[in-house]
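Dear colleague,

Please find below the structure I am handing over to you, together with its sequence. My notes on what was found in it follow.

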Amino acid sequence: MRLLSGRIYRAFPELDPFEDVVCRRYVSHARRSGRAWLGRGLVVLILPVSFLIWLGMVVLAVHILDNYVGQFDLPDAVNLVVGLTVMTGFVWFPLVCALITRDFTLHRAVRKRLEGAACAGCGYSLVGLEVFGDADRRVVQCPECGEKTTLNEGHITEADINPALLAES
Ligand SMILES: [Zn+2]
């Protein structure tokens with residue numbers, strides 16, 4: 001999984017044939033479908049929780065190190081770096097946790113949307129396949145099992161197969 005990057009869609013080979021701008025649109029559609037509010041709620045929730053976890057770790061570390069005060073004679077530079085890391089950790093630790101959570105939930109949303117556009121016969125991903133037929137009946141054929149799926153009738157739309165057709169959001 002690509003963490004902390006703005007290009008999580010590159011973790012999905014199904015989206016490889018599409019340009020960045022199309023993939024970003026796909027991710028944003030995936031995020032808004034399904035239980036997206038749950039993912040956002042989780043990201044918000046993780047901020048105070050990870051703040052408290054960091055606080056707990058600092059308190060624990062201070063408590064443990066208390067027994068060793070005076071036993072180590074660390075250079076000032078090391079003390080400074082450790083001190084800065086601990087203090088700034090109250091900011092960066094929750095942020096990193098929130099970003100990882102966001103990537104994780106986005107990842108899941110994209111995976112679910114991709115799985116929604118799978119062949120009913122064998123589960124092969126239909127994303128990116130050639131769509132044929134006339135304007136009334138758009139069809140895609142599974143290269144694995146030959147099953148034909150009619151688009152825009154059931155839950156699979158032509159934009160699911162060709163994300164370049166997704167409306168700008
Ligand atoms: Zn199939």
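Val 58 is buried, because its relative accessible area of 19% falls under the 20% cut-off. Please note that this is a predicted model. Val 58 is part of helix H2. Apart from neighbours within four places in sequence, the residues in contact with Val 58 are Val 86 and Phe 90. Ser 33 stands 25 residues away from Val 58 along the chain, and 39 Å separates the C-alpha atoms of the two.

On the surface there is a nonpolar patch made up of Leu 60, Ile 64, Leu 65, Tyr 68, Phe 72, Leu 74, Val 78 and Val 82, whose accessible area comes to about 750 Å² together. Two elements, helix H2 (36-66) and helix H3 (76-116), each give two or more residues to this patch. H2 supplies the largest share, namely three residues. Phe 72, one of the patch residues, is placed in the loop between H2 and H3.

As regards the cysteines, Cys 23 is buried, because its relative accessibility of 1% lies under 20%. Cys 122, by contrast, has a relative accessible area of 42% and is therefore partly exposed, a class that lies between 20% and 50%. A disulfide is a covalent bond between the sulfur atoms of two cysteines. The search of the whole structure returned zero disulfides.

With kind regards

Definitions and conventions
Residues numbered from 1 in each chain as written. Predicted model: local features only at pLDDT ≥ 70, side-chain atom pairs only at ≥ 80, totals over all residues. Heavy atoms only, no water. Disulfide = S-S within 2.5 Å. Buried < 20%, exposed > 50% of the residue type's maximum accessible area, 1.4 Å probe, protein only. Patch = residues over 30% accessible without salt bridge, like charges linked within 9 Å, V, L, I, M, F, W, Y side chains within 5 Å. Areas by Shrake-Rupley, 256 points an atom, 1.4 Å probe, with all protein chains shown as cover. Salt bridge = Lys/Arg side-chain N within 4 Å of Asp/Glu carboxyl O. Helix = DSSP H or I, 4+ residues; strand = E, 2+ residues; numbered from the N terminus. Contact = heavy atoms within 4.5 Å.
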